[in-house]
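Below is a short briefing for a reader new to this structure. Please look over the sequence and the 3D view before reading on.

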Amino acid sequence: MTSFTLAELASRVGGQAVGDATHRVEGVRALEDAESEHISFYTNRRYLKLAQESRAGVLLVADAAPFPGRDLLVHADPYAVLGQLLELYFPSLRPPAGAHPSAIVADSARVGEGASIGACAVIGERCEVGERTVVGPGCVVGDDAVVGPDALLHPHVVVEARCRVGARCILHSGVVIGSDGFGFATVKGVHAKVPQVGIVVVEDDVELGANVCVDRATLGETRICRGTKVDNLVQIAHNVKVGEHSLIVAQVGISGSTRLGHHVVMAGQSGAAGHLHLGDGSVVTAQAGVMADTPPGAWVSGMPARPQREWLRAMANLFTIEELRKRVKALEAALKRGQSNHD
Amino acid sequence: MTSFTLAELASRVGGQAVGDATHRVEGVRALEDAESEHISFYTNRRYLKLAQESRAGVLLVADAAPFPGRDLLVHADPYAVLGQLLELYFPSLRPPAGAHPSAIVADSARVGEGASIGACAVIGERCEVGERTVVGPGCVVGDDAVVGPDALLHPHVVVEARCRVGARCILHSGVVIGSDGFGFATVKGVHAKVPQVGIVVVEDDVELGANVCVDRATLGETRICRGTKVDNLVQIAHNVKVGEHSLIVAQVGISGSTRLGHHVVMAGQSGAAGHLHLGDGSVVTAQAGVMADTPPGAWVSGMPARPQREWLRAMANLFTIEELRKRVKALEAALKRGQSNHD
Amino acid sequence: MTSFTLAELASRVGGQAVGDATHRVEGVRALEDAESEHISFYTNRRYLKLAQESRAGVLLVADAAPFPGRDLLVHADPYAVLGQLLELYFPSLRPPAGAHPSAIVADSARVGEGASIGACAVIGERCEVGERTVVGPGCVVGDDAVVGPDALLHPHVVVEARCRVGARCILHSGVVIGSDGFGFATVKGVHAKVPQVGIVVVEDDVELGANVCVDRATLGETRICRGTKVDNLVQIAHNVKVGEHSLIVAQVGISGSTRLGHHVVMAGQSGAAGHLHLGDGSVVTAQAGVMADTPPGAWVSGMPARPQREWLRAMANLFTIEELRKRVKALEAALKRGQSNHD
């Protein structure tokens with residue numbers, strides 16, 4: 001069983017041990033489940049009381065003050081350290097290298113050394129699968145598609161023909177890369193399909209959540225740049241470009257040809273219309289609908305989206321209209337009285 | 001062919017036969033498709049005229065009054081009785097027990113008696129599949145996962161490693177249980193993955209709609225409690241707990257660590273932010289965005305969500321601002337006139 | 001390599017060649033990627049500068065005026081012509097006819113001539129698959145289901161038992177046709193499943209995007225009429241009817257029993273409550289929530305949806321409440337001064 005002293009943990013993650021540095025830690029647990037042999041973590045003020053009352057032997061915290069007398073691992077960014085601890089205590093399991101006998105791998109496909117192809121997975125003609133990449137059961141990689149090295153495709157991922165997935169990408173179950181963009185030319189009320197002949201490029205270190213859809217470009221490419229993380233059930237339309245290191249939260253929809261800068265955040269269930277540019281570092285809050293370009297660093301909310309501060313004030317004002325009407329009514333009555341006094 | 005008299009139906013469902021109790025009923029049909037040998041049902045006032053004009057031989061209704069001279073099956077809760085009738089006339093078909101030759105079942109897996117494993121399904125190491133459970137074609141059950149007895153997994157369901165699904169659960173096609181939670185520690189603009197090492201627990205009698213995603217917990221578990229029903233394309237994030245007998249309608253998103261009480265209803269396309277508590281019996285109306293805890297029994301609407309009554313009034317008021325502005329303008333003019341009169 | 005002169009292209013698509021009609025065009029490219037041997041297109045005013053600066057040898061445009069001296073293909077509807085050009089230069093590839101050895105096709109199924117059944121696809125008892133139809137790898141077609149001729153099912157499509165898909169339909173990866181409708185009869189807080197025994201009918205020439213869900217009817221049918229195009233991640237509930245030649249954009253949700261007329265447009269992330277009727281040619285704008293019937297040709301916005309013009313004005317007014325309050329305050333102060341003057 002994996003086991004470290006508090007001192008060893010502090011040394012590995014670059015934190016500070018407070019209290020009994022010889023305290024032996026055998027696992028990471030949530031605050032409510034932890035016992036004396038576990039380390040737990042306090043990263044959200046909502047859970048201060050829970051942390052103070054936790055039976056965890058060691059607490060990972062940013063600030064020792066609220067926890068007098070406790071054994072602590074102190075670090076300015078406890079959430080980042082939590083990730084490191086979880087990697088220490090839960091090393092990820094890799095399936096055995098090689099193709100399962102039930103997998104269908106085209107003769108013309110090139111599968112890198114150490115790669116694992118799961119049961120009933122289908123690897124098309126002239127595909128490339130990188131070294132040590134895991135293709136889960138039931139995945140389908142279309143003809144001429146490329147998946148880089150050290151990638152992880154959970155079960156039932158579809159990478160359609162000619163699309164490219166970078167190194168170290170993680171694609172969760174049900175991801176569809178390279179479905180056709182929604183493009184039709186309407187003539188006399190009948191929608192004729194505009195062939196979608198472009199591709200999707202997913203750069204290195206991107207993670208895509210379960211059942212995410214990324215449409216191929218009409219021409220050229222739809223691109224998700226390196227380091228970007230996408231949550232479940234997100235829709236990314238044709239010819240979209242999502243910049244580097246962005247965060248796209250669950251159920252977001254990005255319409256065709258819209259370009260996001262780097263370090264953009266789109267919160268849950270928000271959307272962006274087509275052919276827009278969202279500047280670097282833009283933040284779109286939950287359920288917002290972006291209908292115009294946003295400058296770098298903008299925080300926008302509401303539908304149509306406005307600067308968050310304006311929107312928050314407007315939302316508060318919305319609930320004051322009634323009171324305002326009463327005041328207007330009183331003014332009207334007062335004025336009427338005043339006028340009749342003058343008659 | 002299944003066939004019952006009206007008297008037999010009334011006796012089986014605990015209702016009252018009105019009219020010719022010997023009327024023979026050979027099937028259940030929608031109001032517009034039913035003929036004299038069918039029973040149909042009237043459960044929504046919008047369809048009163050359709051019901052009155054229906055050629056159905058027997059009508060299932062709550063109240064006989066609007067249907068003089070018709071053969072009726074009267075019951076206080078016709079929709080519940082409809083379910084019983086459908087079970088009588090459409091007994092569910094079960095695929096044959098045993099594993100299809102193309103299924104990949106690990107030697108270490110335990111598959112209960114009477115269970116059916118579909119074509120190209122994959123059952124991982126040390127899995128348990130309960131008695132009489134149906135695992136559809138193309139399903140993937142990860143290592144150490146458990147599916148209880150009498151469950152029904154439609155095609156292409158993924159239950160990732162170590163997750164647990166209870167007895168009598170129904171999981172529709174494309175459901176993903178146990179994808180990674182969306183957890184990243186951002187250091188200097190780069191998002192480092194926080195390993196998600198917890199599990200998902202789906203308790204007994206839960207139904208999950210097509211393409212629903214339930215993320216595994218960072219640590220501990222994401223839990224959907226017994227009797228809860230979830231519609232298509234819903235996102236349930238890591239460490240969420242959904243209480244018993246709740247209804248989560250299509251395209252709802254529930255953010256990380258939020259806890260729902262029992263008998264909560266979230267209507268279509270609504271969402272809840274993270275780390276919230278929605279009290280027992282809360283109702284979130286369609287497209288609402290919950291940004292704060294809700295007390296038990298609360299009905300909330302809008303974004304950010306407010307008590308429904310306040311929100312409805314505010315929405316109505318929103319369309320009166322223009323008229324209010326006119327009144328203010330008139331007051332200003334009147335006052336100006338008044339002042340100039342005094343000058 | 002496919003190659004045409006500008007004159008040949010103009011003749012094939014019924015457009016007008018401007019400039020050097022012998023210009024040889026070897027491919028279609030996006031404005032920023034095109035070189036002298038390519039044709040590109042200008043369909044959106046946002047990209048005028050990009051078009052003028054493009055190195056494309058030929059431009060497909062509606063109006064020659066902004067492009068003096070360029071070789072042009074002029075047509076009133078360039079987007080429609082783009083579709084034709086893409087078909088010329090990118091003829092679609094079809095997998096070989098016949099069933100892959102790993103496919104599981106029931107003996108009682110009828111597969112039409114020229115049809116292709118992909119690896120690990122499962123075709124159930126008594127199914128019909130039309131001539132020349134392509135069923136992608138991993139698809140599951142349930143017992144007694146029908147897929148018409150010349151259809152294209154991308155990988156991992158599920159057509160559940162008894163459902164019907166028309167001729168020339170395109171179903172993208174992860175589509176689920178015939179999942180159960182969300183129907184429960186709640187007795188004392190416990191939700192009893194109402195069996196969903198109807199079917200789904202998808203008429204001819206319909207396209208369904210990736211991970212779209214269409215629920216089967218409780219009784220009768222859920223129907224998507226011919227020529228309708230549905231984008232990714234859309235939810236269509238039980239007993240819905242979507243009329244002909246409609247456009248349902250990504251992440252839309254349509255609740256149970258709602259009927260859409262012909263040529264209806266629902267923009268991204270919008271929704272409609274249950275048991276409604278949206279008239280022919282209705283347009284629901286992005287993120288709107290339709291809570292009442294809409295007349296033919298209506299444009300509606302907001303939640304609850306209102307005529308778009310009213311809603312746009314209300315949204316603008318929302319941001320004027322503060323100014324209005326100031327004016328009311330000034331009036332109150334003026335009136336008070338006036339009154340005290342009179343005291």
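In which loop of chain B is B:D180 found? In this predicted model, B:D180 belongs to the loop between β21 (176–179) and β22 (184–187) of chain B. The points below cover that residue, the relation of the chains and a sheet in chain C.

**Residue B:D180**
- B:D180 has a relative accessibility of 14%, and it counts as buried because the cut-off for that class is under 20%.
- The side chain of B:D180 makes a polar contact of 2.8 Å with the side chain of B:K193.
- Leaving aside residues up to four places away in sequence, B:D180 touches A:H172 and A:E207 in chain A, and B:K193, B:Q196, B:D215 and B:R216 in chain B.

**Relation of the chains**
- Chain B is superposed on chain A by a rotation of 120 degrees with 0.0 Å of shift along its axis, at an RMSD of 0.1 Å. This is the relation of a three-fold axis.
- For chain C on chain A, the superposition is a rotation of 120 degrees with 0.0 Å of shift along its axis, and the RMSD is 0.1 Å.

**A sheet in chain C**
- Chain C has an open sheet of 12 strands with mixed pairing, in the order β8-β11-β14-β17-β20-β25-β28-β31-β34-β37-β39-β40.
- At its edges stand β8 (98–99) and β40 (306–307) of chain C; each has a single partner strand, so one side of each lacks a neighbour in the sheet.
- Within chain C, strands β14 (residues 134–135) and β17 (residues 152–153) run parallel and are joined by two bridges.
- C:V135 has C:L153 as its bridge partner in β17(C).

Technical notes. Residues numbered from 1 in each chain as written. Chains lettered and ligands numbered in written order. Predicted model: local features only at pLDDT ≥ 70, side-chain atom pairs only at ≥ 80, totals over all residues. Heavy atoms only, no water. Helix = DSSP H or I, 4+ residues; strand = E, 2+ residues; numbered from the N terminus. Buried < 20%, exposed > 50% of the residue type's maximum accessible area, 1.4 Å probe, protein only. Polar contact = N/O pair within 3.5 Å; in protein donor to acceptor, adjacent residues only side chain to side chain. Contact = heavy atoms within 4.5 Å. Least-squares fit on C-alpha atoms with pLDDT ≥ 70 in both. Pairing = 2+ DSSP bridges.
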